[in-house]
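Hello,

I am passing the structure below on to you. My notes on it follow, for someone who has not seen it before.

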Amino acid sequence: MADPVFLITGASSGIGAATARHAAEAGHRLVLSARRTEPLEALVAELGGADRAIAVGADVTDWEQLRAVVERALDTFGRIDVAFANAGFGAKRGFLEETPEHWRSMVLTNVYGAALTLRATIPALKEARGHLLLTGSVAGRRALPGSLYSCTKWAVTAMGEAARQELEGTGVRVTLIEPGMVDTPFFSQRPQGALEADDIARAVMYAVSQPAHVDVSELLVRPTAQGV
Ligand SMILES: NC(=O)c1ccc[n+]([C@@H]2O[C@H](COP(=O)([O-])OP(=O)(O)OC[C@H]3O[C@@H](n4cnc5c(N)ncnc54)[C@H](OP(=O)(O)O)[C@@H]3O)[C@@H](O)[C@H]2O)c1
């Protein structure tokens with residue numbers, strides 16, 4: 001199919017922005033979403049302008065805003081072939097660290113926001129027999145000490161599998177992307193020995209570019225040096 005449409009949350013930075021570049025290179029049209037619209041607009045310009053990409057500001061914890069993203073996508077491009085529920089952020093490890101408000105915001109973004117993204121995009125994905133991807137984490141496969149962030153990513157792991165089972169028979173593929181440490185603004189201090197966002201973007205494109213009968217259900221990608 002010519003120029004499939006690829007929607008990404010958390011596209012203003014890091015893994016989401018890198019994936020947008022790789023998807024554009026592979027011929028996808030892009031629907032870029034995040035709360036900050038300035039970096040999204042810059043990415044639209046970089047990826048070829050309004051015919052190739054649109055920027056739609058939204059907070060994934062707000063159902064009406066997410067619905068508006070999907071509406072804009074369908075009004076502009078008429079379909080959604082790939083949806084990448086990628087928006088998320090972390091917190092310091094330790095159940096006595098951070099503020100309760102930071103926790104609330106993180107849980108809502110990483111878990112509820114991912115679920116709302118699925119809810120908003122699944123009807124269009126069914127229509128297109130498309131592909132749903134979620135960004136989990138290696139921290140969603142093993143509990144990290146004192147990490148509520150890790151708990152949110154366990155929920156995302158379950159969400160990917162729950163969605164895959166629910167969507168059986170619809171033609172929609174579901175892939176859980178599970179990065180190890182990646183050098184992005186996720187970290188306040190740049191991590192050593194980490195992956196680049198491009199490394200994860202290539203994993204996403206590997207899953208997306210498989211033939212329709214192949215569901216790459218999970219991809220766990222660590223830097224070679226990362227033990228845990
Ligand atoms: N970096 C790592 O080592 C690593 C490892 C495993 C998993 N991950 C996961 O990878 C995903 C992307 O993270 P990243 O490493 O690329 O970090 P990043 O560069 O900080 O990107 C996070 C993205 O999420 C968006 N975002 C955050 N809260 C949002 C909200 N409430 N509504 C909408 N968008 C929101 C941010 O945009 P705005 O601020 O503009 O909204 C930004 O585009 C996250 O789910 C993260 O948990 C990262």
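**What was found**

The residues that line the largest pocket divide into 18 nonpolar, 20 polar and eight charged. Please keep in mind that this is a predicted model.

The volume of this pocket, the largest one, is about 1300 Å³. Its lining is made up of 46 residues, and those nearest the centre are G88, F89, G90, Y149 and F186. Three helices, α1 (14-25), α4 (100-128) and α5 (148-166), each supply at least two residues of the lining. Of these, α1 gives the most to the pocket lining, with three residues.

Searching the whole structure gives one cavity of 30 Å³ or more. The largest cavity holds about 60 Å³ of space. It is lined by 14 residues, with A85, N86, A87, N110 and A114 nearest its centre. Two or more residues of that lining come from each of α4, β5 and α5, and α4 gives the most, with five residues. By class, the cavity lining has six nonpolar residues, seven polar and one charged.

The angle between them is about 10° and their axes are 10 Å apart. Angles under 35 degrees count as roughly parallel, so α4 and α5 are roughly parallel to each other. On the α4 side the contact is made by W103, M106, V107, N110, V111, A114, A115 and L118. On the α5 side it is made by L148, Y149, T152, K153, A155, V156, M159 and A163. This contact has 13 nonpolar, two polar and one charged residues.

Finally, two backbone points. E98 has a phi near 55°, a positive value in a residue other than glycine. E98 sits in the loop between β4 (82-85) and α4. Its relative accessible area is 29%, so E98 is partly exposed. R129 is not a glycine either, and its phi is positive at about 50°. R129 lies in the loop between α4 and β5 (131-135). Exposed means over 50%, so R129, at 57% relative accessibility, counts as exposed.

Regards

Note on methods
Residues are numbered from 1 along each chain as its sequence is written. This is a predicted model: local features need pLDDT of at least 70, side-chain atom pairs count only at pLDDT 80 or more; totals for chains, interfaces and linings use all residues. Side-chain values use heavy atoms; hydrogens and water are left out. On a 1 Å grid over the protein atoms alone, a cavity is a set of points where a 1.4 Å probe fits but cannot get out, and a pocket is an open set with protein on both sides within 12 Å along at least five of seven lines; lining residues have an atom within 4 Å of a point. Grid points are joined across faces, edges and corners, and a volume is the space filled by probe spheres set on the points. Helices (H or I, at least four residues) and strands (E, at least two) are DSSP runs, numbered from the N terminus. Ala, Val, Leu, Ile, Met, Phe, Trp, Tyr, Cys and Pro count as nonpolar, Asp, Glu, Lys and Arg as charged, and the others, Gly among them, as polar. Buried means under 20% relative accessible area, exposed over 50%, partly exposed in between (1.4 Å probe, protein chains only). Axes are lines fitted to C-alpha atoms, for helices over the stretch in contact, and angles run from 0 to 180 degrees between N-to-C directions. Angles under 35 degrees count as roughly parallel, over 145 as roughly antiparallel, 65 to 115 as roughly perpendicular and the rest as oblique. Contact means heavy atoms within 4.5 Å.
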